[in-house]
Amino acid sequence: MSQDSETTSTHAIGSERAAFIGRLQSILKHWPSADRLARATGVSPSAFRKWLRGEAEPSRERLVALANASGVPVGWLANGDGPEPRFQSAVTTARTRGTAVPLDGRLDRQDYVILPKQPEAAAAGPESPPAPPITEFIAFRRDWVRSNLGIEPDQLTVETALGESMEPGIQNGDLLLVDTTDTHVHSFGVYVVEIAGERLVKRVQPRLDGSLTLISDNPAYEAEHVPPGRTNTVQIIGRVLWTCGPTRSGRWERG
């Protein structure tokens, strides 16, 4: 092969990779974060970032998983075949998939995870009224939980925020979808924690000395510092992935 032919071939490969990265970026605009899309695809965030930088390409299996998670045709994702799909944001998908009901009005229970609204409500304020026993349940499509939250449905729990300390982001009565597998604070984020038998929802910041800082979004509330020797008194119930209020659409929680 001549040098000119090799140069042309290399240029073509580079153009194809750049086009794939462009399609990947188009999908990512409709997701809350690259990490969330990576989890929905079943790959590590670091591997996904290599795709974005053009340092690696997904295998055929991962390409199909990425297309399924993002709701686009595999042919378009891989080669740009056909017109650009009409994207739905992850939040829009949550609204449609989370409430979808067949035309005959019947639900296939196998397609849904049905979760009780926990009686141990997560306080977002100084005082919490006594919680009533479980009387309500909420259902989510299993495929929506996997593709949008990136966890297995059985690993999810629902909590209810009480109080005003996390306003305006989390308000009194909001539902919190919590990842119960994330019980160690490795990075800054919103968690449901239990201290002295009381559940709270707070931003938790781990520090290099092993201590924790519990932060309220409402500036009227001061942050609380838990020294290294006392962190064992803080039980991490899980990380808050998504919140929804009675008069507001769902919101993704970010670190």
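The model is predicted, so local features need pLDDT of at least 70, side-chain atom pairs count only at pLDDT 80 or more, and totals for chains, interfaces and linings use all residues. Residues are numbered from 1 along each chain as its sequence is written, and side-chain values use heavy atoms, with hydrogens and water left out.

The protein chain has seven helices and eleven strands. Helices (H or I, at least four residues) and strands (E, at least two) are DSSP runs, numbered from the N terminus. Of the 255 residues in the protein chain, 40% are buried. Buried means under 20% relative accessible area, exposed means over 50%, and partly exposed lies in between (1.4 Å probe, protein chains only). Contacts, meaning heavy atoms within 4.5 Å, were also sorted by sequence separation. Among those between residues at least 6 apart in sequence, 58% join residues at least 24 apart.

The largest nonpolar core has 20 residues. A nonpolar core is a set of buried Ala, Val, Leu, Ile, Met, Phe, Trp, Tyr and Cys residues joined through side-chain atoms within 4.5 Å. Leu24, Ile27, Leu37, Phe48, Leu66 and Leu77 have the most contacts inside this largest core. Two or more residues come from each of α1 (3–28), α2 (34–41), α3 (45–53), α4 (60–70) and α5 (74–79). A second, separate core has 13 residues, among them Val145, Leu156, Leu175 and Trp242.

Leu66 touches Leu24, Leu37, Thr41, Phe48, Trp51 and Leu77, leaving aside neighbours within four places in sequence. Leu63 is placed in helix α4. Its relative accessibility is 14%, so Leu63 counts as buried. With neighbours within four places again set aside, Leu63 is in contact with Phe20, Pro58, Val74, Leu77 and Ala78. Leu63 and Ala78 are 15 residues apart in sequence, and their C-alpha atoms are 7.3 Å apart in space.

Helix α2 is mostly covered, with six of its eight residues buried. These are Ala34, Arg36, Leu37, Ala38, Ala40 and Thr41. Gly42 follows α2 and has a positive phi, near 90 degrees.

Two packed helices are described by the angle between their axes and the distance between the axes. Axes are lines fitted to C-alpha atoms, for helices over the stretch in contact, and angles run from 0 to 180 degrees between N-to-C directions. Angles under 35 degrees count as roughly parallel, over 145 as roughly antiparallel, 65 to 115 as roughly perpendicular and the rest as oblique.

Helices α2 and α3 pack at about 110 degrees, with axes 9 Å apart. At this angle, α2 is roughly perpendicular to α3. Ala34, Asp35, Leu37, Ala38 and Thr41 of α2 meet Pro45, Phe48, Arg49, Trp51 and Leu52 of α3. Seven residues of this contact are nonpolar, one is polar and two are charged. Here Ala, Val, Leu, Ile, Met, Phe, Trp, Tyr, Cys and Pro count as nonpolar, Asp, Glu, Lys and Arg as charged, and the others, Gly among them, as polar.

Helices α2 and α7 pack at about 130 degrees, with axes 6 Å apart. At this angle, α2 is oblique to α7. The α2 residues Arg36, Arg39 and Ala40 meet Arg146, Ser147, Asn148 and Leu149 in α7. By class, this contact has two nonpolar, two polar and three charged residues.

Asn148 lies in α7 (residues 142–149). Asn148 counts as buried because its relative accessibility is 2%. Its side chain makes a polar contact with the side chain of Ser147 (3.1 Å). A polar contact is a pair of N or O atoms within 3.5 Å; within protein, one must be able to donate a hydrogen and the other to accept it, and residues adjacent in sequence count only if both atoms are side-chain atoms.

Ile237 lies in strand β10 (residues 234–244). At 12% relative accessibility, Ile237 is buried. Beyond neighbours within four places in sequence, Ile237 contacts Glu159, Asp179, Thr180, Thr183, Val192, Val193, Glu194 and Arg199.

Two loops hold backbone features. Glu167 and Pro168 are joined by a cis peptide bond, with omega about 10 degrees. Pro168 sits in the loop between β4 (156–162) and β5 (175–179). Ala196 lies in the loop between β6 (189–195) and β7 (198–206). Its phi is positive, near 55 degrees, in a residue other than glycine. Ala196 is exposed, at 81% relative accessibility.
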